[in-house]
Each structure stands twice: as structure tokens, then as C-alpha cells.
Amino acid sequence: MASINVADKQSLLDVAIQRLGSIESVFSLALLNGLSITDDLLPGRPIVLAAVSNSDVANYFANKGLMPATAITTTTEEQARIFDETHADEFE
């Protein structure tokens with residue numbers, strides 16, 4: 001089976017859509033790698049890949065050189081502060 005190393009800020013959902021072509025594939029990835037679908041992944045961690053479920057989507061990401069990295073690394077308090085600072089003048 002093929003494997004990859006996780007990039008910075010990638011979640012298991014990111015890997016599923018990029019490499020396997022569907023969000024539903026996250027369950028296969030989790031089972032194969034002994035993970036929960038919400039586990040935080042460290043950059044460089046090897047992940048064993050399941051079978052590609054939608055080659056059109058996986059090929060699109062590969063051909064465009066796209067690598068989703070959507071893992072949230074800030075706390076809820078930090079997110080609230082960033083939102084407040086960004087939108088402060090909109091709610092006055």
C-alpha cells in the first residue's frame with residue numbers, strides 16, 4: 001500500500017480529499033492508521049493510503065499541485081479574539 005507524509009496543518013479530511021478523492025474516504029484512512037477522524041496530525045507523520053474512491057478529484061488535486069491544509073491550530077478563545085478584532089467596527 002502507498003503512504004504519504006502529512007504536510008503542516010493537514011487534517012485527515014484534507015488527506016482524504018486530496019489523495020483519495022472524497023471526504024467519505026476519511027473513515028478508511030482512520031481505520032487503516034488507527035486514528036480518529038478528528039485527531040490532530042503532526043507534520044511528517046506517515047499515513048497509509050486506502051484505495052482511491054474518486055480518481056477525477058484526486059487527479060485534479062495532483063495536476064494542479066493543490067494540497068489542502070485546513071487544520072485549526074488556534075484555541076476557541078483565540079478564534080473569538082481574531083473575529084472580534086476583524087469585525088469590531090461592523091457591530092457598533
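Author: Setting aside residues up to four places away in sequence, Gln18 touches Gln10, Ala58, Phe61, Leu66, Met67 and Pro68, where contact means heavy atoms within 4.5 Å. This is a predicted model, in which local features need pLDDT of at least 70 and side-chain atom pairs count only at pLDDT 80 or more, while totals for chains, interfaces and linings use all residues. Residues are numbered from 1 along each chain as its sequence is written, and side-chain values use heavy atoms, with hydrogens and water left out.

Gln18 has its place in helix H1, which spans residues 12–20; helices (H or I, at least four residues) and strands (E, at least two) are DSSP runs, numbered from the N terminus. With a relative accessible area of 9%, Gln18 is buried, a word that stands for under 20% relative accessible area, whereas exposed stands for over 50% and partly exposed for what falls in between (1.4 Å probe, protein chains only). The C-alpha atom of Gln18 is separated by 7.6 Å from that of Ala62, although these two residues are 44 apart along the chain.

Gln10 itself sits in the loop between strand S1 (3–5) and H1, and Gln10 counts as buried because its relative accessibility is 2%. A polar atom of the Gln10 side chain also lies 3.0 Å from the backbone oxygen of Pro68. Apart from neighbours within four places in sequence, Gln10 is in contact with Val15, Gln18, Leu41, Met67, Pro68, Ala69 and Ala71.

Lys9 lies in the loop between S1 and H1, and has a phi near 70°, a positive value in a residue other than glycine; its relative accessible area of 38% makes Lys9 partly exposed. Ser11, found in the loop between S1 and H1, counts as buried at 15% relative accessibility, and its contacts beyond four places in sequence are Leu41, Thr70 and Ala71.

From here we can follow H1 to the helices that it meets. The axes of H1 and helix H3 (residues 55–64) come within 6 Å and cross at roughly 95°, where axes are lines fitted to C-alpha atoms, for helices over the stretch in contact, and angles run from 0 to 180 degrees between N-to-C directions. At the start of H3, a side-chain oxygen of Asn54 reaches to within 3.1 Å of the backbone nitrogen of Asp56, and just after H3, Gly65 takes a positive phi of about 70°.

H1 also meets H2, and their axes come within 9 Å and cross at roughly 115°, which makes H1 roughly perpendicular to H2 as well. Leu12, Leu13, Val15, Ala16 and Leu20 of H1 make the contact with Val26, Leu29 and Ala30 of H2.

Some of this belongs to the largest nonpolar core, which has 14 residues, with Leu12, Leu29, Ile47 and Leu49 making the most contacts inside it; such a core is a set of buried Ala, Val, Leu, Ile, Met, Phe, Trp, Tyr and Cys residues joined through side-chain atoms within 4.5 Å. Helix H1 and helix H2 (26–33) are the elements that give two or more residues to this core, and the largest share, four residues, comes from H1. Ile47, for its part, touches Ala2, Ser3, Ile4, Val6, Leu12, Leu29, Asn33 and Leu35 beyond four places in sequence.

Finally, a step back to the whole chain: it has four helices and two strands, which run β-α-α-β-α-α from the N terminus on, and 28% of its 92 residues count as buried.

Definitions and conventions: Polar contact = N/O pair within 3.5 Å; in protein donor to acceptor, adjacent residues only side chain to side chain. Parallel < 35°, antiparallel > 145°, perpendicular 65-115°, else oblique.
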